[in-house]
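Trainee: I am new to this one. Please walk me through it step by step.

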Amino acid sequence: MKILAVDPGDQRIGLAVSDPTGTLARPLEIIQHEQRDADAARVAAVAAEQQAELILVGEPLGAEGQATPQSRKARRLAAAIREHTPIDVIMWDESGSSQTAQAARIESGIGPAGRQAAVDAEAAAIILQSYLDAKASDS
């Protein structure tokens, strides 16, 4: 099953996609945030282009698993995406994904100017890979 992952942010929205077997995640693209409904329509269009069967929206929960202001924004984006597509949309805890992506870029030697360039799509890939790994261990 092909899955599209969404890492919602205040300025940019990172997208990642799985391979058709639902085993590996790869960064796909970054959408500049405009307005929730326009962002949702773009995410739905990309999901259709990619022939995704599931859309996974990252939700940054608090340390105790509680909702945060950012997780509430993510839930509102997910609800808007549902208005634009028949594809199932689910939430997945993405706490720390952007920091993990940023650390990986530093470790690979990318300078400060280039670090933010694709970190949002990489964060989406980290979110998606954590979901894929969790589902594989459930099997």
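Trainee: Through how many residues does a hairpin join S1 to S2?

Mentor: Four residues link S1 to S2 in that hairpin. A word on the source: this is a predicted model, where local features need pLDDT of at least 70, side-chain atom pairs count only at pLDDT 80 or more, and totals for chains, interfaces and linings use all residues. Residues are numbered from 1 along each chain as its sequence is written, and side-chain values use heavy atoms, with hydrogens and water left out.

Trainee: Which pairs are parallel or antiparallel?

Mentor: Take them one by one. S1 and S2 run antiparallel and are joined by four bridges. Within that pair, Asp7 stands opposite Gly14 in S2. S1 and S4 pair in the parallel sense, over four bridges. There Ala5 has Leu56 as its bridge partner in S4, and Val6 stands opposite Val57 in S4. Strand S4 (residues 54-59) and S5 also pair in the parallel sense, over six bridges. Leu54 has Asp88 as its bridge partner in S5, and Leu56 has Ile90.

Trainee: How many residues of S4 are buried?

Mentor: First the cut-offs: buried means under 20% relative accessible area, exposed over 50%, partly exposed in between (1.4 Å probe, protein chains only). S4 is mostly covered, with six of its six residues buried. Both of its faces are covered: Leu54, Leu56 and Gly58 are buried on one side, and Ile55, Val57 and Glu59 on the other. S1 is mostly covered too, with five of its five residues buried. Ile3, Ala5 and Asp7 lie on one side of S1, Leu4 and Val6 on the other, and all are buried. For the whole protein chain of 139 residues, 40% count as buried.

Trainee: At what angle do H1 and H2 pack?

Mentor: Two packed helices are described by the angle between their axes and the distance between the axes. Helix H1 (residues 36-49) and helix H2 (residues 69-84) pack at about 60°, with axes 8 Å apart. H1 and H2 are therefore oblique to each other. The scale is this: under 35 degrees is roughly parallel, over 145 roughly antiparallel, 65 to 115 roughly perpendicular, and the rest oblique.

Trainee: Which residues meet there?

Mentor: Contact means heavy atoms within 4.5 Å. From H1, Arg36, Asp37, Asp39, Ala40, Ala41, Val43 and Ala44 meet Arg76, Leu77, Ala80, Ile81 and His84 in H2. These divide into seven nonpolar, one polar and four charged. Ala, Val, Leu, Ile, Met, Phe, Trp, Tyr, Cys and Pro count as nonpolar, Asp, Glu, Lys and Arg as charged, and the others, Gly among them, as polar.

Trainee: What is the phi of Gln51?

Mentor: Most residues other than glycine have a negative phi. Gln51 has a positive phi of about 60°, although it is not a glycine. Gln51 sits in the loop between H1 and S4. At 64% relative accessibility, Gln51 counts as exposed.

Definitions and conventions: Axes are lines fitted to C-alpha atoms, for helices over the stretch in contact, and angles run from 0 to 180 degrees between N-to-C directions. Helices (H or I, at least four residues) and strands (E, at least two) are DSSP runs, numbered from the N terminus. Two strands pair if DSSP finds at least two bridges between them.
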